[in-house]
Amino acid sequence: MDIQDPSAPPRAQSAPADNPTRTRRLGGGITHDNTRHTTRFVVIGNHLVQHKELSLLAIGLSCHLQSLPTGAGADIKSLAARFPEGPTRIAAALRELEAHGYLRRERHRTETGRIVTRTVSCNQPHAGRRREPVDTGCPPAKRTPPPQRRTVQKALPAVPQPSSTAPALLQTAIDLLATLRRHDPRLLLSATDTAHLVPGVAAWLERDVAPGAVRHALTTGLPDEPLRRPAALLAHRLTDRLPPPPPFRTPSAAAPPPRHPLQNCEGCDRGFRASANEDRCRDCRTTAGGAPPRTPPGHVPSHTR
């Protein structure tokens with residue numbers, strides 16, 4: 001019969017199966033030195049940070065996404081620029097969170113027709129799904145839908161007006177605005193917006209600005225975020241960056257003399273330039289009534305040629 005030593009320490013108990021984080025050794029494991037947060041904190045559930053199937057990268061990434069303010073960049077490119085893991089590992093972690101209901105990626109169409117992806121971070125798995133109401137046995141109360149607000153479109157800013165309304169000038173301006181979407185798909189303009197912007201572009205063109213220079217001024221340095229009203233941005237640039245008029249050119253004092261056709265003199269058969277009603281050169285007109293002018297050496301009259 002074995003005799004138990006009452007002074008021997010008891011054997012360490014195994015951790016319960018439902019609490020795998022509990023230490024298996026007495027006197028070891030983690031302890032906490034906590035300070036109560038009053039600002040700049042986010043509440044994270046143990047169902048996430050102690051998830052049995054998510055990777056550590058996915059858990060940490062979800063905590064980071066839940067701490068971001070609304071509208072912050074949460075795409076793979078933005079996250080790869082923020083963390084050293086790289087786009088491949090971050091993309092895999094995002095797919096983990098999406099598969100377990102901690103993340104949704106929704107596609108939306110903006111006012112300009114561009115398709116953008118919106119990332120939704122959920123602090124509860126599948127929190128974004130619609131939940132069925134609890135049956136209380138009471139008839140549902142009648143709710144009056146709130147009145148819908150009517151969105152009033154703000155007028156576009158004014159644009160410079162040209163001094164000329166030549167059809168060719170206006171058509172060049174229309175063609176230029178129609179090609180802006182090739183440089184940036186966000187600059188897809190409606191017919192109404194194009195009609196509003198045409199005078200502003202024409203004002204640039206009549207100031208000796210080439211169409212390529214106008215296009216460069218309108219499409220360079222655009223913001224990275226989606227453009228809510230691209231026509232308003234273009235109208236502002238047409239006004240704010242309008243170049244000065246071209247330098248004034250003084251017209252010449254006298255027009256150059258006309259250049260008469262070359263013809264043969266009826267008196268000496270020499271070639272000279274004169275109007276159509278002149279048939280003799282200046283020498284023949286001077287010696288008219290006297291001896292014919294001296295024929296230059298080597299000259300052969302036309303009737304002997």
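**Entry 1: the chain as a whole**

I started with burial: of the 305 residues of the chain, 23% count as buried. I note here that this is a predicted model. Next I listed the secondary structure and found 10 helices and four strands. Reading along the sequence, I wrote down the pattern α-α-α-α-β-β-α-α-α-α-α-β-β-α. I also looked up contacts: among those with a separation of 6 or more, 54% are between residues 24 or more positions apart.

**Entry 2: the largest pocket**

I went looking for open space next. The largest pocket holds about 1,000 Å³. I found 30 residues in its lining, and those closest to the centre are Ala72, Ala74, Thr117, Arg118 and Thr119.

Which elements each supply at least two residues of this lining? My list has helix H2 (56-67), helix H3 (76-82), strand S1 (103-109) and strand S2 (115-121). The largest share, six residues, comes from S2.

I sorted the lining of the largest pocket by class as well, and got 12 nonpolar, 11 polar and seven charged residues.

**Entry 3: the second largest pocket**

I moved on to the second largest pocket, with about 190 Å³ of space. Its lining has 13 residues, and I noted Glu111, Thr112, Asp193, Arg228 and Pro230 as the ones nearest the centre. Helix H9 (residues 230-240) gives the largest share of this lining, three residues. By class I have six nonpolar, three polar and four charged residues for the second largest pocket.

**Entry 4: helix H7**

I checked the length of helix H7 (residues 191-205) against expectation. Its 15 residues should span 21 Å at 1.5 Å a residue, and the end C-alpha atoms are 20 Å apart, so the two agree.

Where in H7 does the kink lie? I found it at Leu197, with an angle of about 35°, shortly before the proline Pro199. Both residues are on my list of buried positions in H7, which reads Thr194, Leu197, Val198, Pro199, Gly200, Val201, Ala202, Ala203, Trp204 and Leu205.

I then asked what covers these buried residues of H7. The cover includes helix H5 (167-178), helix H8 (211-219) and H9.

**Entry 5: helix H8**

Just after H8 I stopped at Gly221, which takes a positive phi of about 75°.

**Entry 6: Phe272**

My last stop was Phe272, which lies in strand S4 (residues 271-273). Is Phe272 buried or exposed? Its relative accessibility is 11%, and buried means under 20%, so Phe272 counts as buried.

I looked at what surrounds this side of the strand by residue. Leaving out residues up to four places away in sequence, Phe272 touches Pro261, Leu262, Gln263, Asn264, Cys265, Glu278, Asp279, Arg280 and Cys281. For Leu262 I also took a distance: the C-alpha atoms of Phe272 and Leu262 are separated by 5.5 Å, with the two residues 10 apart along the chain.

Definitions and conventions:
Residues are numbered from 1 along each chain as its sequence is written. This is a predicted model: local features need pLDDT of at least 70, side-chain atom pairs count only at pLDDT 80 or more; totals for chains, interfaces and linings use all residues. Side-chain values use heavy atoms; hydrogens and water are left out. On a 1 Å grid over the protein atoms alone, a cavity is a set of points where a 1.4 Å probe fits but cannot get out, and a pocket is an open set with protein on both sides within 12 Å along at least five of seven lines; lining residues have an atom within 4 Å of a point. Grid points are joined across faces, edges and corners, and a volume is the space filled by probe spheres set on the points. Ala, Val, Leu, Ile, Met, Phe, Trp, Tyr, Cys and Pro count as nonpolar, Asp, Glu, Lys and Arg as charged, and the others, Gly among them, as polar. The expected span of a helix is 1.5 Å times one less than its number of residues. The bend at a residue is the angle between axes fitted to the seven residues ending there and the seven starting there. Buried means under 20% relative accessible area, exposed over 50%, partly exposed in between (1.4 Å probe, protein chains only). Contact means heavy atoms within 4.5 Å.
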